[in-house]
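Please look over the sequence and the model shown here before reading on. The report that comes after them is meant to be read side by side with the structure.

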Amino acid sequence: MDPPSTTTYTLPPDDQQDPLVPKFEQPSSRGCVDQQLCERPSIWRQLWGIRNVVIVLLTPIILLPLPLVADDPKTNCAYVILVMAVFWITEAVPIAVTSLIPIFLFPMMGLLPAKTVSATYFNDASALFLGGLTVAVAIETWDLHKRIAIGVLMLVGAEPKWLMSCLMAVTWFLSMWISNTATTAMMIPILQAVLQQLKTSGHGDQEGQSSSTANGCAKLEMTLIGDDVKKPVEDLTKVDVSNDTKVQPLGATPEQHPRSARAKATQEEEAKHLRMCKAMYLSICYAANIGGIASLTGTGPNLVLKGQSDIIFADNNATSPITFSTWLVYGVPLSLIVLVLLWIWMQIYFLRCRGFCDCFTGVANNDARKRVKAVIRHEFRKLGPVPFAQWCIMIFFGILVVLWITRDFGEVGGWGEIFRPKFVSDSTPAIFISLLLFVCPATVPNVFCVRMPGDLTKLKIRPILRWQDVHEKMPWSLYLILGAGYSLARASKDSGLSEWLGGKLGVFSHIDPYLMLLILCYIVAFATEVTSNSAIATLIMPIMAQLAVNLNVNPLFFMFPTALATSFAFMLPVATPPNAIVFSSGQVRVIDMVTCGFLMNIISVPVIILATATWGNAFFNFDTLPPGFIQATTPLSLSSTSSPLPHLLNATG
């Protein structure tokens, strides 16, 4: 049995004439019909068209005095980092291509040997990411995530607030294990089918049944958010008065204008449905971003933190406490709190539910509930019975999670101690389970079936996962970004740049560490709105580690919260791929995402500080410098500061 296939649609060629448009109005790709109408673009527009070339050429030249004036390893390393930062932020060069710069610049500038740089591009954290994403590709290939999503939706009703909570919970859970982008892309069609039934049921009497697409799938007929909300209302208020015998006076009451009252009611229903659509769409992309921080393999910055913490702790003869199980202790409660706050904020801002009132009342909306349940049941029946491949994937996935969690319980130990000490890591079971997916058959082989000699070619059994599936769905560019981060961390340490920056940031040692952490998390959260979260995490991790060491605290005190803050990008479509997918649907404007996401950025960062000061500090000992790290000359302990948060927690506890 092959995995479910998707239908692709081919657009007509550009030179094919549309039969509904006159020939003289057809756009021509061979030049302008009237040369007088062709205006030459201005010089600024031409420069904007070649801006990427200008940035690539001018950035290294403008920053060139930095290594020329001060011939020092620190300035040479700073030059490479600044060039890469400009390329990453502007995306003048693809992010993955920019990540290859250290391979040739570090050896040429005498910072690291070529063999050392190349070796940093694939390490244990990269192997863990490869194994985790391979299992995620198998889940996507066989639509197991879709079965989970629709199955959970069948358990809740059609009330918008509970329907939203279910959509958010499913998206949050799936984004813990598979790509945030794939989760969002899978949830959008399900959401569209549900919203279609809600709209048809709520306005079926006034607007009639909506049309369907050519292939029979439900098409969401909804006024684009970019248009004025009053546009459909104006169409509905066009009343045919040809059969009226007399005109109502201008100051008549609504009872004297039943059609106007009906139009006003329809306008309110349209606006209400519009707000609900915005809330549902935004809740999916936001839940995907939040779910990525719950597990170690959830998103790229998590692996950046894992890899660089391993390097920093190993350089100081210590072991990084970050494992898959320890990450769950810190990340799951944090993401759950942010998810609940998001659910409450969506109801207040979009659904206008005060006191968690019912969003659906009346007989017509009872019909809406029935229609929504019917369409969910229909989608679930379309999946058919659970195939053998999905059963195998669920079993392998469950085994992998159990192996991850039970490998190391800290001082208690785990199954990893059966082997030689520190020889087994989280990447070991990940790669092992991934290998089994390429071996296990996708169907139960029928060994008792008798075939003729001519049918021997049909005896070939398809495995659950083929390399073609991994090749098409695996985000290979992310491995280059992770490798660039590891090489930058190594070069920053060997050149002394991290120590120099940490010393300069030591001037803020008189500031309360929690206040400093709050400021840094806000800076990172808003900076990641316009740049790649993995790229910015790669740049700041070495600096955060050295700053923490200079303050005589655990390097993870600054590294952990700032790495998670890179995933709190709620304001702009370009911030994360899930945001871009939701924005491309045409149902959400930029202003909607900015106004709603701004408050989420504001309230999410204090939750990180709360997690760091409470269960994070209790589990990771953020307030103490791990053994092996050299203490700074001016000690500063979190317990000796005047931070109001720990004192408040001690007083209430």
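## Overall makeup

This is a predicted model, and its chain is assigned 28 helices and 0 strands. Of the 653 residues in the chain, 46% are buried.

## Helix H16 and its two partners

Helix H16, which spans residues 324-351, meets helix H25, residues 556-565, with axes that come within 13 Å and cross at roughly 45 degrees. At that angle H16 counts as oblique to H25, and the crossing of the two is right-handed. From H16 the contact draws on Trp327, Tyr330 and Leu334, while H25 supplies Phe560, Pro561 and Leu564. Sorted by class, the residues joining H16 to H25 are 6 nonpolar, with no polar and no charged ones.

H16 also packs against helix H10, residues 160-175, where the axes come within 11 Å and cross at roughly 145 degrees. The crossing of H10 and H16 is right-handed. On the H10 side the contact is made by Pro160, Lys161, Trp162, Met164, Ser165, Met168 and Trp172, and on the H16 side by Ser335, Leu336, Leu339, Leu342, Trp343, Met346, Gln347 and Leu351. By class, the contact of H10 with H16 holds 11 nonpolar, 3 polar and 1 charged residues.

## Helices H15 and H21

Helix H15, residues 300-315, and helix H21, residues 477-495, have axes that come within 10 Å and cross at roughly 30 degrees. The two are therefore roughly parallel to each other, because an angle under 35 degrees is counted in that way. H15 and H21 cross with a right-handed sense.

In this pair, Gly300, Leu303, Val304, Gly307, Gln308, Ile311 and Asp315 of H15 are in contact with Leu478, Leu482, Gly485, Tyr486, Ala489, Arg490 and Lys493 of H21. Divided by class, the contact of H15 with H21 has 7 nonpolar, 4 polar and 3 charged residues.

## Cysteines

How many disulfides does the model contain? The count comes to 0 disulfides. For Cys392, the closest cysteine sulfur belongs to Cys440 and lies 3.8 Å away, which is too far for a bond, because the two sulfur atoms of a disulfide have to be within 2.5 Å.

Is Cys392 buried or exposed? With a relative accessibility of 9%, Cys392 counts as buried, and Cys166 is also buried, its relative accessible area being 4%. Both values fall under the 20% limit that defines a buried residue.

## Residues in loops

Glu529 lies in the loop that links helix H23 (513-527) to helix H24 (533-550), and at 4% relative accessibility Glu529 is classed as buried. What does Glu529 touch, not counting residues up to four places away in sequence? The residues in contact with Glu529 on that basis are Phe568, Ala569, Phe570, Met571, Leu572, Val574, Ala575 and Asn601. For one of these, Phe570, the C-alpha atom is separated from that of Glu529 by 7.6 Å, although the two residues are 41 residues apart along the chain.

Gly414 has its place in the loop between helix H18 (388-406) and helix H19 (427-439), and with a relative accessible area of 24% it is partly exposed. The C-alpha atoms of Gly414 and Trp404, which are 10 residues apart along the chain, are separated by 10.0 Å.

Asp143 is not a glycine, yet its phi is positive, at about 55 degrees. Asp143 is located in the loop between helix H8 (124-141) and helix H9 (144-153).

Asn621, again a residue other than glycine, has a positive phi near 55 degrees. Asn621 is found in the loop between helix H27 (590-620) and helix H28 (644-652), where it is partly exposed, with a relative accessible area of 42%.

Notes
Residues are numbered from 1 along each chain as its sequence is written. This is a predicted model: local features need pLDDT of at least 70, side-chain atom pairs count only at pLDDT 80 or more; totals for chains, interfaces and linings use all residues. Side-chain values use heavy atoms; hydrogens and water are left out. Buried means under 20% relative accessible area, exposed over 50%, partly exposed in between (1.4 Å probe, protein chains only). Axes are lines fitted to C-alpha atoms, for helices over the stretch in contact, and angles run from 0 to 180 degrees between N-to-C directions. Helices (H or I, at least four residues) and strands (E, at least two) are DSSP runs, numbered from the N terminus. Angles under 35 degrees count as roughly parallel, over 145 as roughly antiparallel, 65 to 115 as roughly perpendicular and the rest as oblique. A crossing is left-handed if the near helix is turned anticlockwise from the far one by less than a right angle, and right-handed if clockwise. Contact means heavy atoms within 4.5 Å. Ala, Val, Leu, Ile, Met, Phe, Trp, Tyr, Cys and Pro count as nonpolar, Asp, Glu, Lys and Arg as charged, and the others, Gly among them, as polar.
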